[in-house]
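User: Please take a close look at a single residue and its surroundings, and then at one of the sheets.

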Amino acid sequence: QVQLVESGGGLVQAGGSLRLSCAASGRTFSSFSSYTMGWFRQAPGKEREFVAAITWSGRNTYYADPVKGRFTISRDRAKNTVYLQMNSLKPEDTAVYYCAAFMEDGPRDRSWFGSYDYWGQGTQVTVSS
């Protein structure tokens with residue numbers, strides 16, 4: 001079993017920054033490096049949408065178009081933690097942000113929520129105008 005715990009959400013003004021963290025734990029997650037990690041978000045009344053993902057090596061990152069150039073995903077394998085640095089925040093970034101993970105046991109669509117096996121409880125990000 002894998003446990004994911006997000007933190008770092010909060011209220012920020014438009015143009016501001018936040019850094020989200022996702023701490024991973026669990027017996028099957030001990031290697032950590034064999035999991036792709038992703039961030040998704042869900043605003044009220046909307047479907048959950050892909051934000052960013054990072055492969056086990058950390059060399060490959062993927063971003064949704066609305067956040068390209070503003071958000072950066074990274075991971076610290078020694079700490080079993082993945083981060084989402086969010087800059088130039090906009091009111092439309094307001095959502096609950098979820099951390100997710102899947103074991104890289106074959107090709108998967110990293111931008112599809114159904115590819116992910118494990119999810120955190122979410123952290124609220126609110127951007128005021």
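Analyst: Leaving aside neighbours within four places in sequence, Arg41 is in contact (heavy atoms within 4.5 Å) with Glu47, Arg48, Glu49, Val51, Pro66, Val67, Phe71, Glu92, Asp93, Ala95, Val96 and Tyr97. The model is predicted, so local features need pLDDT of at least 70 and side-chain atom pairs count only at pLDDT 80 or more, while totals for chains, interfaces and linings use all residues. Residues are numbered from 1 along each chain as its sequence is written, and side-chain values use heavy atoms, with hydrogens and water left out.

Arg41 belongs to strand S4, residues 35-42 (strands are DSSP runs of E, at least two residues, numbered from the N terminus), and with a relative accessible area of 6% Arg41 is buried, the term meaning under 20% with a 1.4 Å probe and protein chains only.

Turning to the sheet, four strands in the order S1-S3-S8-S7 form an open, antiparallel arrangement, two strands being paired if DSSP finds at least two bridges between them. Strands S1 (3-7) and S7 (71-76) are at the edges with a single partner strand each, so one side of each has no neighbour in the sheet.

Notes: Buried means under 20% relative accessible area, exposed over 50%, partly exposed in between (1.4 Å probe, protein chains only).
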